[in-house]
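Hi,

Here is the structure I promised to pass on. Have a look at it first, and my notes follow below.

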Amino acid sequence: MISKKKLRILILDDEPMIALNLEEILIDAGFTIAAVVHKIDKALAVIEGGACDFAIIDANLAGVSASPAASALAKRGLPFIVVSGYSRKQLQVNFPGAHFLQKPFQPTQIIQAISAMVLKHQGLTTAKGEI
Amino acid sequence: MHVGLYSEQGVLAENAELRARLEAVEDVLQAIRSGEVDALVVESAVGPHIYALQGVDAASNRFRGDILAQVSDAVIATDNNHRITYMNAAAEKQYDVGVSGALGKLLTTVYRSKWINPGDEEAATNALRQRGEWRGESLHVRLDGRELRVESSVTMLQGIIGQPEGLLAIIRDITQRALAHDRLQESEALYLSVLEVSPDCLKIVDNSGKLEYMNSSGCKLMGIDDFNLWRGRHWSSLWSAENAQTVNKAVAAARGGIATRFEAYGTTTGGVFKWWDVFVSPILDNRGQTLRIFAASRDITERKRANAQLRESQARLSHAANAAMLTYVAADFERGYLQTPENFAAVMGFAVQREEALEGASGPQFLLDHVIMNDRLRVATALGKFLSGSEPSGKFDYLVLGDDDIERCIETVWSVEYAFDGKPLRAFATNLDISERKRAEVKTQLLMAEVNHRAKNLLAVVQAVAQQTAKHDDPATFVERLSERIGGLAASHDLLVKNEWQGVDMADLVRSQLAHFQDLIGTRVQLDGRPARLTPSAAQGIGMALHELATNAGKYGALSNSVGQVQLSWHIVMAIKPMVLISWSETGGPNVIPPKRKGFGQMVIGRMAEAAVDGTAEIEYRESGISWTLSAPVADTLEKGWEADAI
């Protein structure tokens, strides 16, 4: 089981205040931050460089969809949370498999969501490993 | 009408003839009485009889009897005591008495006289006394009670020396004639009163077109005060020259037995312009000859005006409907018929003529064929309700693809009219092109979603600011600091909304974040930079940084005393790529002590500002004052098209 400390989280959000606040929340909760980025190309570089184990991505980056980042994460089998000021049904891309949180959210909500997803994900990979 | 006139004619003619015959007989009697005639030759069936009239001898008396016997009127002679001395066959018949029984009896045993007007009796007595004769009308009541109206000619009979010997009366029964005359007068009065009550202008003109009669409504309509001034003048003289011809033609046609009708306008003698609906008809006698001409003119000025107004308002309505892209379908259930107006095809975007489009049973199918494919079932169901009359009213909208390849959103609102037994009679549906409204609705929904998104995002930012403020700042000043920061965010937000999210000018942003120090701008706060329009995200990030710098300067830095200065400048410089350099430099404030731990302010002017513009921030805590420089790529900071202007 991967410890909190070892779980490297990527934060992708075009709103710097929110991204930096989230970074502090996660650090305070004991997670490791892989990177805080505001643009899709930087996020893709982190994901494809294998530098993160988990991601929290804003669905919409100043009018640009974050779906390429979601695809890259899904391709590598990495769990991620999608956050947005839009409701999930307003989003044009559905982000299948992702957990969704609408902004604004409480720090405890995101910490619980990360923990739940990591547990679920570990269960899946363990099961796969046994086969 | 013409029957009455004919009767009048007939009776008048008959009357005149009888009167002439009576007068001829009387002339003869008068001549005989006055002795001017010596002998009379009377033609009879058995040959001529010659009567000599010398003296009152037996022969002349016999002559008198013979001649009186031949008169078809009743003749009765009486002596001075009113005893009957003579009565002819006509009198026997008239009073239903026998001459043998009547002779020698009082006249009152044959009839009783009644006078028509008071004074008639006295006039008759006087006439006989003074002139020896009287002529006039009176009533004779027979013994059986029958009342006869009679016209009598009474002559005093004189003896040889002129002494009165009695009276000779020639009495004509005019009961029938008088009755007919009364009836004629009555019916004529009735016909005239019928003509009088009509609101139309009714006229009788003779065969040459001369006015004989006009009812009072007509006189009023025509502005004629005294018809007598117009009687005998040509009807056509009441019309203008061009319409006089039409009138004369109608008169000529009526003379030939043909009724005509026409509409014409004219000015009344009172000077009022009027439209008339004129009917001209011959009044025929029983041989089919035109006796007179009847003309009825109806004032249709108001109707003409109303029709014109109706046409005008229909045209306006049609214009309005076209402009509003409104059309309709009328369904007649009894005839199984659909009707559409001219603009139907245009509103619906159909290229075919409306007759082909929606008449009869193929209409609904034609419409359905134009409805977008995956909506046809729903529209067919809704149309079915409308066209079956199964529901009293309804509303539905749908997309039709026009023959011009334009997709239109049509809203149909319909209602059904039912008979008393509940059977649907008619249905009416309006079709309105609501494409624009639909587009606006979609746009509004998008805008609402966007507003919601931005509000949520801003709340998330506020939440982050609150969490950071709580974490890094003194709890005692938390509320105050948070309020100030929210105020700063709100000021930036105001500018964004004012500019419809199309960016914010750097100078405007500076003034909004330095609102507390606006009196110092130009003196202790020096601004230097050309117009440069920041992107919304750069404006928010830079705005927050400026807010933190200004708050710090006011509390601890150059603006915390009365002499310190702030130099704020922004410039574009060319490096590998064009860069925006924003510089905040304080001098003259209290000596600066670098902070021991990183607070919220440091984070905002440092990492947050860098992230907002994808740039780098440098902070120097010089003893003389804080210096902050933000260097950012123009591409990440300024709106497109504004960098050139700013360089």
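To get you started: which residue in strand 18 of chain B does Tyr328(B) stand opposite? The residue facing Tyr328(B) is Thr430(B). Some housekeeping: this is a predicted model, where local features need pLDDT of at least 70, side-chain atom pairs count only at pLDDT 80 or more, and totals for chains, interfaces and linings use all residues. Residues are numbered from 1 along each chain as its sequence is written, while chains are lettered from A and ligands numbered from 1 in the order in which they are written.

Now the sheet in chain B. It is open and has five strands in the order 15-14-18-17-16, with antiparallel pairing (two strands pair if DSSP finds at least two bridges between them; strands are DSSP runs of E, at least two residues, and helices are runs of H or I, at least four residues, numbered from the N terminus). Strand 15 (337–339) and strand 16 (393–401) of chain B stand at the edges with a single partner strand each, so one side of each has no neighbour in the sheet. On average, neighbouring strands here are turned by 20° against each other, direction ignored. Strand 14 (residues 326–332) and strand 18 (residues 424–433) of chain B pair over seven bridges.

Helix 13 (residues 376–388) of chain B lies across strands 14, 16, 17 and 18 of chain B, running at about 140° to strand 16 (axes are lines fitted to C-alpha atoms, for helices over the stretch in contact, and angles run from 0 to 180 degrees between N-to-C directions; residues are in contact if their C-beta atoms, placed from the backbone, lie within 7 Å).

There is a helix pair to look at too. Helix 15 (residues 478–498) and helix 16 (residues 506–513) of chain B pack at about 150°, with their axes 9 Å apart. They are therefore roughly antiparallel to each other (the word is used for angles over 145 degrees). Gly488(B), Ala491(B), Ser492(B) and Leu495(B) in helix 15 meet Asp508(B), Leu509(B), Ser512(B) and Gln513(B) in helix 16.

As for the two chains together, 16 residues of chain A are in contact with 21 residues of chain B. Helix 1 (residues 16–28) of chain A gives the most to chain A's side, with six residues.

Finally, confidence: chain B averages a pLDDT of 85, and 89% of the residues score at least 70 (pLDDT is the predictor's confidence in each residue, from 0 to 100). Over residues 1–6 of chain B, pLDDT stays under 50. The predictor gives the complex an ipTM of 0.88 and a pTM of 0.54.

Cheers

Key. Parallel < 35°, antiparallel > 145°, perpendicular 65-115°, else oblique.
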